[in-house]
Amino acid sequence: MKGKVKKTEKVANGMFMLQFEAPQGFNVRPGQFVSILCPDLTLRRPFSCADFEDGAVTVLFKLKGKGTSFLAGLQPGDEIDFVGPLGNGFDISDKHALVIGAGVGIAPVYFLNKFLKQSHFVGAFKSEDEVPKDFEPDEVIIGGTILDHLERLIAEHKPEIIHACGPSVVLRAITRCGVTSQIAMEKVMACGIGVCKGCVIKLNRGGVVQNATICHDGPVFDGGEVVWE
Ligand SMILES: Cc1cc2nc3c(=O)[nH]c(=O)nc-3n(C[C@H](O)[C@H](O)[C@H](O)COP(=O)(O)OP(=O)(O)OC[C@H]3O[C@@H](n4cnc5c(N)ncnc54)[C@H](O)[C@@H]3O)c2cc1C
Ligand code: FES
């Protein structure tokens, strides 16, 4: 699939946004991702959709290596080659939700939060200059970790569900906090379509442990089912 770049912009220290026009008929749900071809790299690079409006997909990404450096240098009008939407996406319900994004994990939950009627949206960042411009949550936590605030957030907002994306250590703690959770997970991916089994995790469904791929069966999982290794 071909996309046409509308905009690339630095939105925080080491973080960029890329917005591109997708072909007509393209649609994507919060939690789903796109995989973008980068020159000289065999494996496409996966990125959560941070927004989708008027046919334009937005991704937010941290500069890591060759692929993300290429994306950061794209200019309006440039063409990109992508596949998507990939993965399952979050459930969207009327439940009172606590929405948590840690670091660039804010991307998929920012998109999700736009669809939720009752939510409190919290973003956690290492420093002030890492808060992405135009993607600000309701509450920003700087320094430490979101886990220092989890008990307070649950007591204050009494969520029926927590939707989260961020580092595994954060997600693991969220799945153990006593509130139903849906978490968007990440792992280095190869095929991105459920074939190579390079992104397998274990789920415990009703006492039966089974394999699931993050790229195809996820990346969003019921927190209570994930077996942490
Ligand atoms: C489903 C999914 C959604 C993602 N969504 C986003 C997003 O919205 N924004 C964003 O910034 N990133 C996201 N990522 C991670 C992103 O795909 C990688 O950062 C990117 O592929 C790095 O490419 P690169 O060529 O710049 O770096 P590389 O040269 O490939 O890697 C640089 C360093 O980053 C590490 N790395 C590469 N891929 C990952 C990964 N998946 N997870 C952790 N470390 C990795 C490598 O091991 C290496 O140390 C997502 C990953 C997945 C699987
Ligand atoms: S990356 Fe190949 S199965 Fe997920």
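## Ile-154 and its helix

Let's start with Ile-154, which sits in helix H3, covering residues 150–157. Helices here are DSSP runs of H or I with at least four residues, strands are runs of E with at least two, and both are numbered from the N terminus. This is a predicted model, in which local features need pLDDT of at least 70 and side-chain atom pairs count only at pLDDT 80 or more, while totals for chains, interfaces and linings use all residues. Residues are numbered from 1 along each chain as its sequence is written, and side-chain values use heavy atoms, with hydrogens and water left out.

Which residues does Ile-154 touch, not counting those up to four places away in sequence? They are Leu-98, Pro-159, Ile-162, Cys-177 and Val-179, where contact means heavy atoms within 4.5 Å. Gly-87 is 67 residues from Ile-154 along the chain, and their C-alpha atoms are separated by 29 Å.

## Two buried strand residues

Is His-163 buried or exposed? This residue of strand E11 (residues 161–165) has 1% relative accessibility and so counts as buried. Buried means under 20% relative accessible area, exposed means over 50%, and partly exposed lies in between (1.4 Å probe, protein chains only). Beyond its neighbours within four places in sequence, His-163 is in contact with residues including Phe-90, Asp-91, Leu-98 and Gln-182.

Thr-213 belongs to strand E14, which runs over residues 208–213. Thr-213 is buried too, with a relative accessible area of 5%. Setting aside neighbours within four places in sequence, its contacts are Gly-194, Lys-197, Cys-199, Val-200, Gly-218 and Phe-221.

## Aromatic rings

How many aromatic pairs does a search of the whole structure find? The search finds eight. Two rings of Phe, Tyr or Trp (its six-membered ring) pair if their centres lie within 6.5 Å. One aromatic cluster is formed by Phe-20, Phe-26, Phe-52 and Phe-82.

## The whole chain

Along its principal axes, the C-alpha trace spans about 50 × 40 × 30 Å. Of the 229 residues, 49% are buried. Among contacts with a separation of 6 or more, 56% join residues 24 or more positions apart.

Notes:
Chains are lettered from A and ligands numbered from 1 in the order in which they are written. Rings of Phe, Tyr and Trp (its six-membered ring) pair if their centres lie within 6.5 Å; planes under 30 degrees apart count as stacked, over 60 as edge-to-face and the rest as tilted.
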